[in-house]
Amino acid sequence: MKIEQTEALLRNIVQTHSKIPLLQQDLKKRLAGFSGEKAIDYHLSFLSEKKYLIFNDLRLPLPPYHFQIDSLLVTAYYCLILEIKNISGTLTIDPKFNQLTKYYDGVETGFPDPISQAQRQKLLLQRFFYDNNLTMPPIIFFVVVSNPKTILKVAKGQTLSSPYSKMIHAQNLIDEISKLNHIYTKEVASKKDISKIKRVLLNSHEPGYTNILDQYGIDESDTIQGIRCERCSGKMERQCRTWGCSQCHFTSKLAHQQTIEDYFLLIKPSITNKELRTLLDIQSPKTARNLLSSLNLKTTGTTRATIYHKEFH
């Protein structure tokens with residue numbers, strides 16, 4: 001969702017805004033992280049669907065906060081947390097100072113210790129299982145480096161011991177899972193237990209929605225209002241059940257859809273008839289109602305008080 005929100009903001013922000021370079025930089029980082037997660041999905045695709053339940057990008061409540069797991073594998077014998085890192089260059093692990101250092105293109109950069117992060121996720125997941133009365137198999141974790149060109153090293157004078165030996169390359173993931181299968185041979189959770197774990201995890205998952213304008217300190221007035229032509233970026237106007245560009249005369253019946261989706265990503269995940277008319281610069285409440293009805297959104301309220309909701313998954 002953060003990627004979609006950032007892309008939507010770059011589509012809609014005025015092109016002279018000073019925050020554009022920062023947005024482009026953050027989008028590049030988020031795309032790299034997502035690419036790393038997709039690379040791990042490739043390796044996990046070789047696992048048997050009957051033996052492993054795989055959950056990606058889980059965001060679970062643990063009041064008053066939430067915690068997020070990149071990938072979680074659930075079996076009857078153990079649960080495996082995968083903390084995924086897509087970092088280029090040479091990574092040096094320093095167990096003494098709980099630090100990860102990246103050296104790339106002559107620049108040295110420090111990172112938070114991903115092992116400590118994964119250990120914390122393990123503790124939080126254990127508490128989540130306990131709070132929800134779930135049968136809990138042993139919980140293990142790996143920090144998985146998705147970029148095969150990344151070099152892993154141990155700081156000079158240090159030795160690679162547990163838990164830092166749990167930082168692995170993606171290409172070794174299946175072998176490490178195979179080792180776990182030989183270690184954890186006692187069936188802890190029954191089929192009924194696994195079904196309950198699956199149901200509770202899916203029902204508890206809450207996609208993170210944050211106000212990206214507030215996050216970057218950008219005012220709503222700094223975003224482009226109305227529908228912009230996909231060909232020339234000119235303003236489009238409603239013309240007999242279609243949208244027409246006043247500059248290049250391009251027409252489209254669905255030009256409003258992207259603008260409404262961007263509104264949900266940037267402003268809030270709900271909209272009224274009046275708010276839509278302001279957004280699209282149209283006068284007719286009936287036209288606005290027809291456009292909203294065509295999007296199959298969840299609604300609350302009736303008649304003029306109807307609110308249309310976007311559900312993110």
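This is a predicted model: local features need pLDDT of at least 70, side-chain atom pairs count only at pLDDT 80 or more; totals for chains, interfaces and linings use all residues.
Four strands, in the order β10-β11-β12-β13, make up an open sheet with antiparallel pairing. Its edge strands are β10 and β13, each of which pairs on one side only. In general, the strands of a sheet pair through backbone hydrogen bonds, either parallel or antiparallel.

The pairings are listed below.

| Strand pair | Residues | Bridges and sense |
|---|---|---|
| β10 and β11 | 227-228 and 235-238 | two bridges, antiparallel |
| β11 and β12 | 235-238 and 243-245 | three bridges, antiparallel |
| β12 and β13 | 243-245 and 251-252 | two bridges, antiparallel |

Individual residues can be followed across the sheet. Arg228 has Lys235 of β11 as its bridge partner.

Two of the connections are hairpins. Between β10 and β11 there are six residues, and Ser233 in this turn has a positive phi of about 70 degrees. The hairpin of β11 and β12 has four residues between its strands, and there the turn residue Cys240 has a positive phi of about 50 degrees.

**The cysteines**

How many disulfides does the model contain? With a cut-off of 2.5 Å between cysteine sulfur atoms, the count is zero. Cys232 takes part in no disulfide, and the nearest cysteine sulfur, which belongs to Cys245, lies 3.5 Å away. A disulfide is a covalent bond that links the sulfur atoms of two cysteines.

Are Cys232 and Cys248 buried, partly exposed or exposed? Cys232 has a relative accessibility of 31% and therefore counts as partly exposed. Cys248 also counts as partly exposed, because its relative accessibility is 33%.

**Helix α1**

Helix α1 spans residues 2-12. Which of its residues are buried? They are Ile3, Gln5, Thr6, Ala8, Leu9, Leu10 and Asn12. The elements covering these buried residues include α2 (20-44), α6 (212-216) and α7 (255-266).

Terms used
Residues are numbered from 1 along each chain as its sequence is written. Side-chain values use heavy atoms; hydrogens and water are left out. Buried means under 20% relative accessible area, exposed over 50%, partly exposed in between (1.4 Å probe, protein chains only). Two strands pair if DSSP finds at least two bridges between them. Contact means heavy atoms within 4.5 Å.
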